Each structure stands twice: as C-alpha cells, then as structure tokens.
Amino acid sequence: MMTRIMFFGTREYEKEMALNWGKKNNIEVTTSPELLSKETVDQLKDYDGVTTMQFGKLADSVYPKLEKYGIKQIAQRTAGFDMYDLDLAKKHNIVISNVPSYSPETIAEYSVSIALQLVRKFPAIEKRVQEHNFKWAAPIMSTPVKNMTVAIIGTGRIGAATGKIYAGFGARVVGYDAYPNHSLSFLEYKETIEDAIKDADIISLHVPANKDSFHLFDNNMFKKVKKGAVLVNAARGAVINTPDLIEAVNNGTLSGAAIDTYENEANYFTFDCSNQTIDDPILLDLIRNENILVTPHIAFFSDEAVQNLVEGGLNAALSVINTGTCDTRLN
C-alpha cells in the first residue's frame, strides 16, 4: 500500500510543488487548505504522516489523537516551532520537526530593504507626494547607512546574512547572540543586548521565540535604545511587547519600526480580511501608525524559500515514517 502524507495548510502556489514531490518519491500526497487542528485531526485516520504550516498554538487534544491514528510526527514548514508543545508531543511519541534554513538570504534582504524604507523616510515622502507637497525639507532628510551602527540581535543564519549586507554598505555592525559565531569577521559581538543596542541606529531582530525571548523588547528595553533608532522584527512576534513598541514610536524613542511578525497574527496574517472587521485594536494601532510598517509575515516569501519549505516538510515527514527520526527533529 502506498505511503500517504497529508499536506495541511496548502496555498495554491505550493500545490503543484507538493504533488510533483509525491510523484517523484512514489508517495500519495493529499493537499488541503485547512490547518491541523482538533477539528481536522480526524482526517488523518488513514494517513502515515503530516506536514503543515501552523501559526497559532496547536490544541493539546491533537497530540493523543495523532498517537491513536499511528501518526508519529508533525513536520512544520517554517523555522519557528513555538506553536507546539514539544514535551507533550514527546509524551505521545510524536516527532516535531521544522525547516531551519530555507532561504536565509531572502529574509535578510527583506529585513534590510524595509529598514532602508524607514531610514530614507519613504513613508513620510510618499505621504507628502500624495498631498502634492514636493518640497525638500529636514523631516525627510536621511543619513547614509555607511555612517550608522547596526545591531543584529540573533546571529544565526538569517542574522548573519543580514549583518553581511549592512557591512557591505559600510555600516558598523555589532551583534549579540547567546552562542556567538566568531567566524563572522564583519561583526563585533557585545556581551549583552543592552550593549549592542545602546549606540545602534538600526536594530534588527533575528531570535527564536522561547521563554527567554518572550517580550524581550518591552518598555524597559526600549529605554536603553539610542533615541531615534529604527527597529525591524522579521523574527517572531512574541519577542516584542507590542503596546510598548507603539508607545516607544509615539514618544520618539524609536523613529520608526517595521513589523513582519505580530504575536497575535494567527487569525489575520496569510488571510484576506478585506471584507471582515478586524477585532484586534493593537493590530489596528500598528497598521494606522504612520511610523510603523506592517507586513503579513512575508519576509521569507520567495520562490526559492517556498520550494525549500515544501520539500523540507515532506522530506522530514517521510524520513520519520521510514526511520523513526529526521535530521531536523526538535524533540
């Protein structure tokens, strides 16, 4: 009997890639736009494996159901995995895996490009142009990146790629990581996050979401940034206390921020909500703030990244089915 894998959370642009992988590997791949949840888990009754792209927390009741149906893994198609309870999964003999590196350069390029929009005052310039105000004025004057200090918080694959781009501009690049990579010759490590950000004109976040990084950037941390700095978060939403961020922008502590991830994004990001009411006042405050750029968790979104995520999830699922484990196992 042919091995069967459910490909939950399918976007239209992923479908052909997933089905082609199935043909190539002689695996039956079923695509579904639904996510793995307590409402959909029963669909896995006759399947051998599952890959999905979750954003919100997975209900605890899903894990014993998977064990009951003989599913031994969940292959997450992102680098982030904070939506899973790794210990509970292990208790029910379920391997959780991710795709740790699918296109770090794509996210790095995005992080730099959106920071440059703030540095070069694009939002203010665009607003003035829409008002037919074409005057050159101090509020839209910028500073060259080569004269700036950039702090990279989290210097893994993505953070390192981001720092390398800034170094190419001639910026002074400093960084913080609990596990420094001293082969990064273009970057000067600091002992603490506070040391890294105190003189930084641009702060770029690239840390995972965990108990140590939860609301890492809050009022207390914002008090330690250089006044007028720009902050970019293309990591995980929970790293920032969002109301505190909004306050820091509004009071001028930060001159601007770019937010690609938001801790309460699950009900909105990746969906077309143009015909529905958004009931999240904090998200609305972010969107309406002229000095904050909000994008829908899209920093990774390139053809290369999507291909690697699709195949990475499926390869991990198949590996656990065949061998009981995989190279990207998290628990």
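**The interior and the whole chain**

The largest nonpolar core holds 48 residues, and Tyr166 and Leu314 have the most contacts inside it. A nonpolar core here is a set of buried Ala, Val, Leu, Ile, Met, Phe, Trp, Tyr and Cys residues joined through side-chain atoms within 4.5 Å; buried means under 20% relative accessible area, with a 1.4 Å probe and protein chains only. At least two residues of this core come from each of strand 1 (4-7), helix 1 (12-25), helix 4 (104-119), strand 6 (149-153), helix 6 (157-169), strand 10 (229-233) and helix 11 (303-323). Helix 11 gives the largest share, nine residues. Helices (H or I, at least four residues) and strands (E, at least two) are DSSP runs, numbered from the N terminus.

The model is predicted: local features need pLDDT of at least 70, side-chain atom pairs count only at pLDDT 80 or more, and totals for chains, interfaces and linings use all residues. Residues are numbered from 1 along each chain as its sequence is written, and side-chain values use heavy atoms, leaving out hydrogens and water.

Leaving aside residues up to four places away in sequence, Leu314 touches Ile5, Phe7, Ala18, Trp21, Val29 and Thr51; contact means heavy atoms within 4.5 Å. A second, separate core has 33 residues, among them Ile193, Val207, Ala248 and Leu283.

Over the whole protein chain there are eleven helices and twelve strands. Of its 331 residues, 50% count as buried. Among contacts with a separation of 6 or more, 67% join residues 24 or more positions apart. The C-alpha atoms fill a box of roughly 70 × 50 × 35 Å along the principal axes.
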